[in-house]
Amino acid sequence: MAISSVIDISKLDKGYVLAPERYDPRRGRLNSSGPCLSDFVNVLRDQVNPSGCRSADRFLVLDTGDAHNGVVKPNKVPVDGSSIKSAKKRIQPAQVVISRLRPYLRQVAWIDPGLRDGKSQNVELLCSTEFFVLGSADGNSIAFLAPFLLSPHIQSILAASQEGGHHPRFNERTLRSLPIPKQLIERRSALSEQVERAVNKAREAYRIIQESVVAASELR
């Protein structure tokens, strides 16, 4: 069934944006007087440019495909500074990343400390600039945001908010405006602990599988 809406010219976004996606009525769910995502996080923009990277520097770089359903996939190998060919964003454990590109791919992850296991602490964590990087605004865990951002309700808002035909993206304003249910806020600590335990277990499972692959390759 077709969806339509009528917008007065005075209600058009700055620059008189005419993109129909911008006025999708399903985005009306963002008009909430309650708490929203920006009350709990800072959207971080600390970038590293190729010109500032030295060959001696070591980086672990996450692309959008490395985050999925709350977890960063394994087997990322550190690279030297000469391999950095485009701008990246700095990330740290305990942050949450979400790709603005094609939200239906569910490229969301809590950055767990285990991502550094087996790697030098001098290795710096970077990610694609397609990620929004979220840091806690009050010092408390924001791991609970990973399942929140993956929930059907929020996924439907992000899907309705994406703009662009070839590379559909949603913008930062949409992300910052996502409404946080009161019940979720009340369960924040417990849900964050649950997510952290689950991601840590997933990291351990990845490690065991990798060790098994190595052991199997030696049996000839």
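1. Arg169 comes out as partly exposed, at a relative accessible area of 24%; buried means under 20%, exposed over 50%, and partly exposed in between (1.4 Å probe, protein chains only). Bear in mind that this is a predicted model, where local features need pLDDT of at least 70 and side-chain atom pairs count only at pLDDT 80 or more, while totals for chains, interfaces and linings use all residues. Residues are numbered from 1 along each chain as its sequence is written, and side-chain values use heavy atoms, with hydrogens and water left out.

2. Arg169 forms a salt bridge with Glu130 through their side chains, at 2.6 Å from N to O. The cut-off here is a side-chain nitrogen of Lys or Arg within 4 Å of a carboxyl oxygen of Asp or Glu. The two partners are 39 residues apart, with Arg169 in the loop between α2 and α3 (172-176) and Glu130 in the loop between β10 (124-128) and β11. Helices (H or I, at least four residues) and strands (E, at least two) are DSSP runs, numbered from the N terminus. Glu130 is buried, at 15%.

3. By this rule there are twelve salt bridges. Another one joins the side chains of Asp57 and Arg54 at 2.8 Å, N to O. Asp57 is buried, with a relative accessible area of 15%, whereas Arg54 is exposed at 57%. Asp46, Arg90 and Glu124 are linked in a salt-bridge network.

4. Helix α5 (residues 188-217) runs for 30 residues and spans 43 Å from first C-alpha to last, close to the expected 44 Å, which is 1.5 Å times one less than its number of residues.

5. What does α5 bury? Its buried residues are Arg188, Leu191, Ser192, Val195, Val199 and Arg203. They pack against β5 (71-72), β9 (108-110), β11 (131-136), α1 (145-150) and α4 (182-186).

How values were computed
Contact = heavy atoms within 4.5 Å.
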